[in-house]
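Work through the exercises below with the sequence and the coordinates open. Each task is followed by a solution in steps.

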Amino acid sequence: MASVREWLDRTSESWSPPRARDTAGPFRLLFWLTRSQAKRVALGASLGITWMVGLAVPPWVLSRAVDEGLVGRDTGALVKWALVLLATSVVIALLAIARHRTMTKIRMDASFRAIRATVWHTSRLGASLSRRVSAGEIVTVGIADVHTVAMALTVTGPGVGAVVAYAVVAVILFAISPLLAAVVLAGVPVLVVAVGPFLHRIERTGGEYRVHQGRLTTRLVDVLAGLRVLNGLGGKAFMADRYGEQSQRLVRRGYRVAGPASWVGALATGLPALFLAAVVWLAARMAAVGTITIGDVVAVYGYVAVLVVPVSNFIEGGGDIARARVAGQRIIDLLNLPVTPDEGDAPLPRGSGPLVDLESGVIIRPGLLTALVTARPAEALTVVERLGQLTHDPGVTWAGTSVNEVARAELRQRLVVADNDAELFAGTMREVVAGRMEADDDRIHAALRAAVAEDVVEALPGGLDGAIAAGGSDLSGGQRQRIRLARALYAAPDVLLAVDPTSAVDANTEAAMIDRIRAARRDTTTVITTSSPLVLDRADEVIVLVNGKVSAVGTHTDLLHSDPDYRELVSRAQEGR
């Protein structure tokens, strides 16, 4: 028995991403999930067919026991058919267990494949993901939609078995009475007429509900991310009230989906019962006039009672597919977001620049600490995103070579963008700072010192072995900022683009950070976006941006004397601190 169970649970670890044709529509996605585990699906279909057809055997055995044992008053025949009925029931039970285990594996495999496909594609989208899809949409796709799509694969087992069992019972009934077989076959169009409109309504209302569900999840993610700020501003109650109102609107939309869904569930139970009553009444009338035997009446009742299972599967399968079409469309909308390909395989030139952004006119000279300053921080951030190829801009060059022509993997090793939104994953301090690189305690301590984050480590029980919660939620804003900077410094890239890395610390810490960054990044290229006079004064070169274009370049001292706009900008920044 154990070997049979292991054989049923056996699975292949192979996985390949869906191709373009596999995401052409919801049904193509379902077909990909089915094709990816074709052997298991074939086993599930075989077990489903055998189990459902097997359900028709006990009524036949029971009819033999009635006609030969009870009506014929033959005790031996009665005992024989009773034993056959017992053996048949045991076999059907074993088939049911095997079928259920196999279908569970099919649904789990489909769910994991769909999740893996979404994770694979979102990782390819990289930094552009947050600008194209909301966090709530991704959460809803990864939790609700993949489960709904996976549930639809139930039709590959009991669904296929239901079709075959329905046909087999119709043939058996034809041997008893062509009229009874005709009534049974006529039940399918009745089901389609009765259930079809509800399935269409589920698709329509389910699509609207799913859109608003994603929006509400996005709002929840935003509220949770800013909970500390809301507490400080006293806005938690206001946001809770707004979320409650939006949640109630979603509930009302959910009722519109639940209406047709509940009708489908009711029809899945009620129609087969009415169907059973009609056929048994007809069979009883035929037995009364002697057209069929009493044993045939018992068999007909058993056969039609068996049909309750496939008929219910027809209706439930239709509902699953209707919901899967809605959920599948949301999944393929995500999977079809275009990805900028890895443009080329040319090596990056040696050294650390110069790095040039043609659109803004920014030229980052190698080996310097360069400060980007602007009255609108978004302009500096846009330049950093282009230089860091987060937007895959073709107008960026590294020592005269277009960055789009180089291999993306090498670029990511030699150029790092460090911003204040970078994720901090749960783990020890050692794991957080080392990131994807091999951990070296001496280098980790050096990176933490350069980021003036030694106090963060000292405050943790266990030092580098101390745990940090997901998102750095157990750290202050300034501590998180310094840990992010330490992680970027540990990577030791040729070019480091840091977005306002000192905005959450006090002036003394800020001065220490810049001095230590200069020492740690000697002979490499470092770019910092800032408006802090402390940082600007320590920069080798300051680039002033106006309306996204280079307005002036020089040292902090020179620009204070020669550029009145720069002087005013720095004065405002100093007053703001």
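The exercises that follow concern a predicted model.

**Exercise 1.** State how many helices and strands the chain has, and what share of its residues is buried.

Solution. Step one: the chain has 22 helices and twelve strands. Step two: of its 577 residues, 46% are buried. Step three: among contacts with a separation of 6 or more, 76% are between residues 24 or more positions apart. Step four: the chain exposes about 28100 Å², and 60% of that comes from carbon and sulfur atoms.

**Exercise 2.** Find the buried residues of helix 2 and the helices they pack against.

Solution. Step one: helix 2 covers residues 26-35. Step two: its buried residues are Pro26, Leu29, Leu30, Trp32, Leu33 and Thr34. Step three: these residues pack against helix 3 (38-54), helix 5 (75-125), helix 7 (135-152) and helix 12 (294-335).

**Exercise 3.** Is leucine 86 buried or exposed, and which surface patch includes this residue?

Solution. Step one: leucine 86 lies in helix 5. Step two: its relative accessible area is 54%, and the cut-off for exposed is over 50%, so leucine 86 counts as exposed. Step three: together with Val79, Leu83, Val90, Leu94 and Ile97, Leu86 forms a nonpolar surface patch with about 550 Å² of accessible area.

**Exercise 4.** Classify arginine 256 by its accessibility, and name the patch it belongs to.

Solution. Step one: arginine 256 is in helix 11, residues 236-288. Step three: Arg256 forms a positive surface patch with Arg242, Arg249 and Arg252.

Terms used:
Residues numbered from 1 in each chain as written. Predicted model: local features only at pLDDT ≥ 70, side-chain atom pairs only at ≥ 80, totals over all residues. Heavy atoms only, no water. Patch = residues over 30% accessible without salt bridge, like charges linked within 9 Å, V, L, I, M, F, W, Y side chains within 5 Å. Areas by Shrake-Rupley, 256 points an atom, 1.4 Å probe, with all protein chains shown as cover. Salt bridge = Lys/Arg side-chain N within 4 Å of Asp/Glu carboxyl O. Lys, Arg positive; Asp, Glu negative; His and termini not counted. Charge placed at Lys NZ, Arg CZ, Asp CG, Glu CD. Helix = DSSP H or I, 4+ residues; strand = E, 2+ residues; numbered from the N terminus. Buried < 20%, exposed > 50% of the residue type's maximum accessible area, 1.4 Å probe, protein only. Contact = heavy atoms within 4.5 Å.
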